Every structure is written in C-alpha cells, then in structure tokens.
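Open the model in your viewer and show it as a cartoon. Keep the selection tool at hand.

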Amino acid sequence: VPNPPPGRLLFTGAPYAYLKIAEGCNHGCTFCAIPAIRGRTRSRPIAGIVAEAEALLGRGVRELNLIAQDVTAYGVDRGPSVNLPALLRALGRIGGRFWIRLLYGHPALVTPALLDAMGEVGQVCHYLDLPIQHCEGGLLRAMGRPGNEAALRATFRLIRAVLPDAVLRTTCLVGFPGETERPFRKLLDFLDEIRFDHLAVFAFSPEEGTPAAGLPGRVQAAEARRRRRRLLLAQQARVRKRAEERIGEREALLVERYDRRRGAGLARSYGRAPSVDGWVLLRAPASACAPGRWVAGRYTAASGYDLWAVREST
C-alpha cells in the first residue's frame, strides 16, 4: 500500500484525521464482498505511517483514527516484527498530547500483546470497535466467522480485565439466513450481558456474488427490520442508564468546534469516535471552544446519546 502524498487534503473539517494502515482483508465472511474487491491484507510499513502521523500532528490534528478493513490484522503480511502493538509503540514515541484510536477490528485477533500495548502507550484511547455480527455458533459458521459465544465472552472479559476503562463498540447483523427466534434471543441476551457502550445493527441484505446470497432459510425483510429495532431499543435503555450513572464524573475532552445553534461546544471523550458515537455538549463560551482544544469537563446531564458537561479548567 503506497504512502499518501505529503500535504494530502483533510476533509474532516475538525482536529482529527483518518490514517489508513492497511488495505484488503483475509477473512472469508460469506456476506461480504470486500476481499473480492480489495484483495488480501497489505500493510503499510511502520516508518511510513509514523511519518504521516507526524505530518498530521504538525498540521494541528489531535486525534489519529487508525483504519483498515481490519486493523487487528495489521502486519500479518510483513513478518513477526511488524504488528499492531509495534505500530502503537512507534506512534507513541512521537511524544506529545494526542489520541490514537483503533477502528474496525476483529474480535478473534484481539491478543494480550495488543491490550498490553494499548495500556502502555499513553496516547492510545482505551476504545475498541469490534464487530461481532452475531454470537450463536451455527450462524457464525454460516457467516464464515471464527469462534462462538464462549470465545466472544472470553475476549470481552479479557479486554475488561486488562483495560477496566475500555469502551466497546460493536456491530451486529440480524436476519441472516437461518436466524430463527431462538438464536436471535441468544444475541439479545448476549448484548445485555456484555453491555457494549456503542452498538450498530444492520438487517441482512444479500450482496450479489457472495456465498450468503444463495443460502436457504431467508428471513423476511420485515422481520429482519423488527429484530434490528428490538436490538436498538434495548441498547437505548442501556445507554440511558449508563449516562445517568456518569453524571458528576470528570473526563478530558477534545473540542471539535462551537455550535452557535445549541450554544455549546461540540466535544468528545476518548470513548466517543468521530461521527458515530454522539457528542459531549460543553457549556462554555465560544472563546473556550477552539477546535483541537483540550478541556477538563464534568458531566451534568444526558440527552439521548449525548452528554452535557461544564468546563472545569483548560
């Protein structure tokens, strides 16, 4: 994968950037056409990624979101010395205050070595986006994904044992061929047990040319949509309860911009990825909400998926 040209345009309009560390995917998920389109995993050299990160930080970026089809597979094509823990440590050696966030990993590739590196490198957000798709073993096999409910449970227990403050995001796929009410209920119960902080849910839609498109046991689209709604409603209740528990807590926030309509700064904590996880709405004057500013905030109220906070110091 070639390094991007120096001074590439940034389209985020905010103090964060997406830094691609690899292209392609080695997994064989039966519902996904990405491996056929993108090919197998091809990882960038660590030196090139670090150089791009340094350039971005020099331009005022304060959050580096590492992305790939699967960031946890970084380096599988480059030998044992090139891997995600080594990359995180190399980025941490840049020094200074900024965030490193990992997006789109695979739960089967989360290792103690990765979690140790996340704990050691101060800039790394204790945040993992790990789509499980489902938890029922038969459906996971039909999806071409390794593991089962017990393996997934062990992975998330390990994460929280090593990183007790870890924030977890996942994605689920409902209505996959063969999903009856019983495995769906298992998924509903599993999500309630693990208590993911953030959840996305998709209803199965056959993608032309993928093995899953021809599987028997197709779930009616209306039923798949109902199951999606049931998962999201349950997640809303969990989010509401967790937000209430956080009132009074203090946390470092990264300001993106000031929103004049709401009369508040739009900020995020380490547990909220750009665009997908909601805002921390900061009660502060516009002069205190310059993009890229770090603020110490105390949570005062919740509003849906957003939290309100007051500035305690700068």
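**Stop 1: the whole chain**

Before you start, note that this is a predicted model. Select everything. The protein chain has eight helices and 13 strands. Its C-alpha atoms fill a box of roughly 60 × 45 × 35 Å, taken along the principal axes. A compact globule of 314 residues would have a radius of gyration near 20 Å, and the protein chain agrees, with 20 Å. Of the 314 residues, 51% count as buried. Now think about contacts between residues with a separation of 6 or more: 73% of them join residues 24 or more positions apart.

**Stop 2: the open sheet**

Colour the strands next. Six of them form an open sheet, in the order S1-S4-S5-S6-S7-S8. The pairing is parallel. Which strands lie at the edges? They are S1 (16-20) and S8 (198-203), and each pairs on one side only. Turn the view to follow the twist, which averages 20° from one strand to the next.

**Stop 3: strand S7**

Select residues 167-174, which make up strand S7. Start with its link to S6. The two strands run parallel and are joined by three bridges. Pick Leu-128: Leu-168 in S7 stands opposite.

Now move to the S8 side. S7 and S8 pair in the parallel sense over six bridges. Select Thr-170 and you will find Leu-199 of S8 opposite. Then select Leu-173, whose bridge partner in S8 is Phe-202.

Is S7 enclosed or open to the outside? Eight of its eight residues are buried, so S7 is largely enclosed by the rest of the structure. Show the side chains to see both faces. On one side are Val-167, Arg-169, Thr-171 and Leu-173, all buried. On the other are Leu-168, Thr-170, Cys-172 and Val-174, also all buried.

**Stop 4: helices H3 and H4**

Select residues 84-92 for H3 and 112-120 for H4. Their axes come within 8 Å and cross at roughly 10°. Angles under 35 degrees count as roughly parallel, so H3 is roughly parallel to H4.

Which residues make the contact? From H3, show Leu-84, Pro-85, Leu-88 and Arg-89. From H4, show Ala-113, Leu-114, Asp-116, Ala-117, Met-118 and Glu-120. By class, this contact has seven nonpolar, no polar and three charged residues.

**Stop 5**

Most residues other than glycine have a negative phi. The last two selections go the other way.

Select Gln-133. Look in the loop between strand S6 (124-129) and helix H5 (137-143). Gln-133 has a positive phi of about 70°, although it is not a glycine. Is Gln-133 buried or exposed? Its relative accessibility is 11%. Buried means under 20%, so Gln-133 counts as buried.

Finish at Ser-275, in the loop between strand S10 (264-268) and strand S11 (280-283). The phi of Ser-275 is near 75°, again a positive value in a residue other than glycine. Ser-275 is exposed, with a relative accessible area of 69%.

Methods: Residues are numbered from 1 along each chain as its sequence is written. This is a predicted model: local features need pLDDT of at least 70, side-chain atom pairs count only at pLDDT 80 or more; totals for chains, interfaces and linings use all residues. Side-chain values use heavy atoms; hydrogens and water are left out. Two strands pair if DSSP finds at least two bridges between them. Helices (H or I, at least four residues) and strands (E, at least two) are DSSP runs, numbered from the N terminus. Axes are lines fitted to C-alpha atoms, for helices over the stretch in contact, and angles run from 0 to 180 degrees between N-to-C directions. Angles under 35 degrees count as roughly parallel, over 145 as roughly antiparallel, 65 to 115 as roughly perpendicular and the rest as oblique. Contact means heavy atoms within 4.5 Å. Ala, Val, Leu, Ile, Met, Phe, Trp, Tyr, Cys and Pro count as nonpolar, Asp, Glu, Lys and Arg as charged, and the others, Gly among them, as polar. The radius of gyration is taken over C-alpha atoms; the globule rule is 2.2 Å times the number of residues to the power 0.38. Buried means under 20% relative accessible area, exposed over 50%, partly exposed in between (1.4 Å probe, protein chains only).
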